[in-house]
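Please look over the chain shown below before reading on.

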Amino acid sequence: QINLLLHQLGKTRFFKKTKPSPFEEAQSLSWYLENVFYGSITGIILNLCEGLGISPAEWKNTRLFTVGFWPGGDRDGNPFVTSATTVQVASHLRERIIRNYFNEVRVLKRRLTFKGVDTIVQRIEQRLIANMQGKENAYANAAELLADLNEAREKLITDHDGLFIDILDAVL
C-alpha cells in the first residue's frame with residue numbers, strides 16, 4: 001500500500017496546469033484564515049485573559065494580532081491584480097468573516113435560550129443575516145456587533161448566573 005502511494009506521489013503534479021488568478025489564489029488562502037487563524041487567535045486570547053484574570057469583555061489589546069493578507073491586494077508588482085480584483089477579494093474576505101461570526105452565533109443560540117438573552121442573540125443572528133444578504137438593519141461596523149454581544153453578556157451575568165458565559169466570551 002505504501003509502495004502504491006509513493007508511486008502515485010511520484011506521478012502526481014504538484015502544480016496546476018494553469019496558474020490561478022489572484023482571486024482564486026485569495027480564495028484558496030482564505031481557507032487558512034477561516035480554519036486555522038480564526039480559532040487559534042481566539043484560543044490564544046482566551047488563554048491570555050485567563051492568565052491575566054480578566055474576562056474577554058475586558059480585553060483591550062485589539063491590535064495584539066494583525067493578520068496581513070496580500071493575495072488580490074499586491075498591486076505593487078503583480079500585473080494581474082487590478083482594483084476590481086482587490087475589491088472582489090475584500091468582498092470575499094468580508095463574507096467569510098461574517099459567516100464565521102454567524103456560525104458562532106448559531107452555537108450561542110442553541111445554548112443561550114434564557115429569557116432576555118435569547119432575544120438579544122436572535123437580534124444578533126438577524127443582523128448578521130442582513131449583513132450577508134446586503135439588507136437593511138445590518139451591522140455597520142464591529143462596534144455595533146460588540147455592543148450587542150456585551151449586552152447579552154451583561155444580561156447573562158445579572159439574570160442567569162453567567163451560565164454558558166465561556167462560549168459567549170469565545171465569540172467576544
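In what order do the elements of the chain run from the N terminus on? In this predicted model, they run α-α-α-α-α-α, and the chain accordingly has six helices and zero strands.

As for overall dimensions, the chain has a radius of gyration of 21 Å, whereas a compact globule of 172 residues would have one near 16 Å. The C-alpha atoms fill a box of roughly 60 × 45 × 30 Å, taken along the principal axes. Of the 172 residues, 28% count as buried, and among contacts between residues at least 6 apart in sequence, 56% join residues at least 24 apart.

The axes of helix α2 (residues 22-52) and helix α3 (residues 83-111) come within 10 Å and cross at roughly 25°. Because angles under 35 degrees count as roughly parallel, α2 is roughly parallel to α3, and α2 passes α3 in a right-handed crossing. The residues that make this contact are set out by helix in the table.

| Helix | Residues in the contact |
|---|---|
| α2 | Pro22, Phe23, Ala26, Gln27, Ser30, Leu33, Glu34, Tyr38 |
| α3 | Thr85, Gln88, Val89, His92, Leu93, Arg96, Ile97, Arg99, Asn100, Tyr101, Glu104 |

By class, the contact of α2 with α3 has nine nonpolar, six polar and four charged residues. Among the α2 residues in the contact are Phe23 and Leu33, and the α3 residues there include Arg96 and Glu104.

How values were computed: Residues numbered from 1 in each chain as written. Predicted model: local features only at pLDDT ≥ 70, side-chain atom pairs only at ≥ 80, totals over all residues. Heavy atoms only, no water. Axes fitted to C-alpha atoms, helices over the stretch in contact; angles between N-to-C directions. Helix = DSSP H or I, 4+ residues; strand = E, 2+ residues; numbered from the N terminus. Parallel < 35°, antiparallel > 145°, perpendicular 65-115°, else oblique. Left-handed = near helix turned anticlockwise from the far one by under 90°. Contact = heavy atoms within 4.5 Å. Nonpolar A, V, L, I, M, F, W, Y, C, P; charged D, E, K, R; others polar. Rg over C-alpha atoms; globule rule 2.2 N^0.38 Å. Buried < 20%, exposed > 50% of the residue type's maximum accessible area, 1.4 Å probe, protein only.
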